[in-house]
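Biologist: I would like to go through this assembly with you, starting from the contacts and then moving to other topics. Could you show it first?

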Amino acid sequence: MPAIEVEGLERAFGDVLAVQGVDLTVDKGEIYGFLGPNGAGKTTTVRMLTTLLLPTGGRATVAGHDVVREARAVRASIGVALQEAALDPLMTGRELIRLQATLQGLPPAEGRQRADALLERVELDHAADRRVGGYSGGMKRRLDLAAALVHEPSVLFLDEPTTGLDPVSRKTIWEEVRALNDAGTTVFLTTQYLEEADQLADNVAIIDSGRIVAEGTPDSLKAEFGNPHIQLQIAEGSLADAERACAEVGRLLPPKDGRLIEVEVENGAADIPRVVRALDDAGIAVESLELVRPTLDDVFVAKTGYHIEDESEAADEEAVEA
Amino acid sequence: MEAAAVPTVAVPAWRANLATIGAMMTRARNELVRVPGAAIPGVLAPTIFFLGLNGVFGALTQLSGFSTGSYEAFIVPVSMLQGAGFTGAAAGVNLARDYESGWVDRLLVSPAPRWVILAGTVLAASARAMIPAVFVFTIALLLGAGFPGVDGMVICFAMVAAMAAVAACWGSFLALRFKSQSAAPLMQSGMMALVLLTPAYAPIALLQGWLRTVAEVNPVTHVIEAARQGFVASVTWADTWPGLLALAGLLLVLGGLALREMRRTAQ
Amino acid sequence: MSALVLNARVVAALGMRSIRQTFRRPQLIAPIIVFPTLLLAIQTGGAGGAVELPGFPPVQSFLQFMLAGAMMQALMLAGNSGGIALAVDIEMGFTDRLFTAPIPRFAIVLGRLAGTAALGLFASCWFLAIGLIFGAEIEGGVLGALLAMALVTTAALAVGGIGAAIALRTGSASVVQGLFPLVLVVLFLSTAFFPQELMIEPAKTIAEYNPLSFVVEGVREPIIAGINAGDTLAAVATIAGIFALGLLLSDRALRHRLRAG
């Protein structure tokens, strides 16, 4: 039986359909990445799967239990670390994990032992008796992760676990996630970071505006939807002329940066001379040029026409205006 | 990760629920113990009201209709119940704050039943209400209010604990309904109105027109009369059971509303 | 253009901002008006028999007596609220923006006080209307009502100065908010809710010398009896004194804040 099975899952808020007809299956022992910009529906989906939100359509099972009809059984089987690390600043790290153990119904002695073991595991044993209010962002995330694991759940939900963390803390979280998975825990991970999905996930679903637009292993997605593209910066000449010249050789991609031109080519490195010749004929001098392998952002662009970062920024601006 | 090789022994549901309630009460206690001065507002407000009302309206006992010449004795149960209302409403504000911070999600995503989560919040408020109640009670005795007898004192404090639970249910209902601390004034003023639209300032026979009508139908009138009886007369079952019934009814209604909202958070 | 005109414009602009802020957020006004109205209703209904007590001033009704106290309560809460708003501006960094502008520093305080005064005016109109609706008569007629409104508005301005001083000194909204119980204490220890002669010691003696009692009597007299020069002058002098104190404390606090950064 799969760890997570979702059919036609929907969630409406008034007239707004935040999640529209999501279908996915997560096998046991898998790391499943749910990738999309801010406002795509990732958190809404996670909240439905963790029983915090009722679906308005479709169905889902987690660890073999229906999220609506068997909500309590679902909660007993899952560990959750949500987007906002929900920690009490007045509690110590040790107190928090012990509380979580109590909430999960563990006997007190067992809860204490597991709390101590987990604190050591996430390297918070030295700070375990300090108040959480004094923890750094990375420490808070590690504590949140540890609390989600106290009852050894079969399925772990991580909602943007490394958003806002520095690169070192991010790598630490990644290592923890890999280790958990090696020990058999199924991980459902939402992220807006391409690299995170690429590095960690066995399978990735890309969600945009409440719908899954692509699904597969990172490599298969990139191979299927992404072609290599040439990224170049011009030294002299008109940007418009340069773009026209490149368009003769391949497909121009939406500009990410004002001075950068990106053109998707069919033949990879073999098309570089054609691009250079076209630019030369147009009187354009090139400052830099490189062949870029496809990324999940390319897959996103292919399916939606936008870069994943642009979508996130636009969603953030809309949220601020609202 | 290699999970700690710790055996899992099944815990009976009732023990797990009790442990959860206890853990939530311990967490609530943290604010009192770990935040300097956190207990002060909850004690200050009813104490100021007690001293202020006594200083301002103390001469009312000269009116015929008062069964006691001591306004301190008359008003002390009102101030204790006001403290209970304030403490319970504050529990609602804390729940709203916890909701805004995401802490409530941690509780809701656990297998703990919803009623257990609510019970933890409510019982913590009842326990916390003892602090201002003891303070005001002590001040009143020092100012000359007669000791109400052990039975009168027990009944008064029991009413206070139950009133705090009622207020916590009201506050929790509003917190989960509006999901925001901005509902705090409604939590506080609702409880203030409930406690004061009663024979709080004067016996029911001396209340003016509309207030008398409201006091006659307000269930908290019976709670005040029950809490007050030892201070102004002697304790009788006839004066006690209406207060108990009123509290039971309020707990049923407001507790039911709060539980419903807690179950509806996923909608 | 003269400096006076320019400064007046700045104060007016900041004053308008303060007034807009005050009235755009009903959840902030409500406690300032609703709480005293609730207390007025409860105290009138609960302690209304007090008019029968020997020594109680001749009044048409207890409601008529209590209107001044309700207005005092509202204006004190308005002063506290203005202080909180200024403290929030400090915490948010908005006052830093004003400090770096080429405006007189004190315009910042004066602008804030405009919002408090507007709230005081609103409260006086509200409670006079409530009184009239529920049968209380204003013995001093229209002039008496206008006098009461003027005294409440200027008292709100004066109390607002104290609130602003505390905000500037502490820079913390929660500290200013925590002073709310003090507001209640000061009110209870005045003649806001009961005649001084019938209060119980030591509240009775404290109320006799509490400056707020002079303001209360100045507001109350036109309502229950008619305009009385003595009470009016005493109220005006007290308000002027509180205003001067508020200005002095605000000035000192402002200088301290600018020095300390």
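Modeller: Before the contacts, one definition: two residues are in contact if their C-beta atoms, placed from the backbone, lie within 7 Å. Please also bear in mind that this is a predicted model.

Biologist: Understood. Which residues of α7(B) and α10(B) meet, then?

Modeller: From α7(B), the residues are G149(B), D151(B), G152(B), M153(B), I155(B), C156(B), M159(B) and M163(B). They meet V223(B), A226(B), A227(B), Q229(B), G230(B) and F231(B) in α10(B). Sorted by class, this contact has 9 nonpolar, 4 polar and 1 charged residues.

Biologist: And the geometry of that pair? At what angle do the axes cross?

Modeller: Helix α7 of chain B covers residues 149-178 and helix α10 of chain B covers residues 220-232. Their axes cross at roughly 155° and come within 7 Å. Angles over 145 degrees count as roughly antiparallel, and α7(B) and α10(B) are therefore roughly antiparallel to each other. The crossing in which α7(B) passes α10(B) is left-handed.

Biologist: Let us turn to the chains. Which pair has the most contacts?

Modeller: Chains A and B do, among the 2 pairs of chains that touch. On that interface, 30 residues of chain A are in contact with 30 residues of chain B.

Biologist: Which elements of chain A give two or more residues to it?

Modeller: They are α2 (71-77), α3, α4 (108-121) and α6 (167-182) of chain A. The most comes from α4(A), with 5 residues. By class, the side of chain A that touches chain B has 16 nonpolar, 6 polar and 8 charged residues.

Biologist: You listed α3 of chain A there. Which helix of chain B does it cross, and at what angle?

Modeller: Helix α3 of chain A, residues 93-103, crosses helix α1 of chain B, residues 13-34, at roughly 150°, and the axes come within 8 Å. That makes α3(A) roughly antiparallel to α1(B). Their crossing is left-handed.

Biologist: Which residues make the contact?

Modeller: On α3(A) they are L99(A), T102(A) and L103(A), and on α1(B) they are A19(B), T20(B), A23(B) and R27(B). In terms of class, there are 4 nonpolar, 2 polar and 1 charged residues.

Biologist: What about chain C? How many residues of chain B are in contact with it?

Modeller: 28 residues of chain B are in contact with 27 residues of chain C. The elements of chain B that each give two or more residues to this side are α2 (40-57), α8 (184-196) and α9 (209-217). Of these, α2(B) gives the most, with 8 residues. The side of chain B that touches chain C divides into 20 nonpolar, 8 polar and no charged residues.

Biologist: How far apart are the closest C-alpha atoms of chain A and chain C?

Modeller: They lie 17 Å apart, and no contact joins chain A and chain C.

Biologist: Back to chain A on its own. How is it divided into domains?

Modeller: Domain 1 spans 4-222 and domain 2 spans 227-293. The C-alpha centres of the two domains of chain A lie 41 Å apart.

Biologist: And its sheet: what is the strand order?

Modeller: The order in chain A is β6-β7-β8-β3-β9-β10, an open sheet of 6 strands with mixed pairing. The edge strands, each pairing on one side only, are β6 (78-81) and β10 (211-216) of chain A. On average, neighbouring strands are turned by 15° against each other, direction ignored.

Biologist: In which sense does β6(A) pair with β7, parallel or antiparallel?

Modeller: β6(A) and β7 of chain A, residues 155-159, pair in the parallel sense over 4 bridges. In this pairing, G79(A) stands opposite L156(A) of β7(A).

Biologist: Which helix lies across β7?

Modeller: Helix α1 of chain A, residues 42-49, lies across β3 (31-35), β7, β8 (186-191) and β9 (203-208) of chain A, and runs at about 150° to β7(A). Helix α11 of chain A, residues 296-304, also packs on the sheet, touching β3, β9 and β10 of chain A. The direction of α11 makes about 40° with that of β9(A).

Biologist: Finally, the backbone. Which peptide bond is cis?

Modeller: The bond from E201(C) to P202(C) is cis, with omega near -5°. P202(C) lies in the loop between α8 (180-188) and α9 (203-209) of chain C. A further backbone feature is at E123(A), which has a positive phi of about 60° although it is not a glycine. E123(A) is in the loop between α4 and α5 (137-149) of chain A.

Notes:
Residues are numbered from 1 along each chain as its sequence is written. Chains are lettered from A and ligands numbered from 1 in the order in which they are written. This is a predicted model: local features need pLDDT of at least 70, side-chain atom pairs count only at pLDDT 80 or more; totals for chains, interfaces and linings use all residues. Domain bounds come from an automatic or database domain assignment. Ala, Val, Leu, Ile, Met, Phe, Trp, Tyr, Cys and Pro count as nonpolar, Asp, Glu, Lys and Arg as charged, and the others, Gly among them, as polar. Two strands pair if DSSP finds at least two bridges between them. Axes are lines fitted to C-alpha atoms, for helices over the stretch in contact, and angles run from 0 to 180 degrees between N-to-C directions. Angles under 35 degrees count as roughly parallel, over 145 as roughly antiparallel, 65 to 115 as roughly perpendicular and the rest as oblique. A crossing is left-handed if the near helix is turned anticlockwise from the far one by less than a right angle, and right-handed if clockwise.
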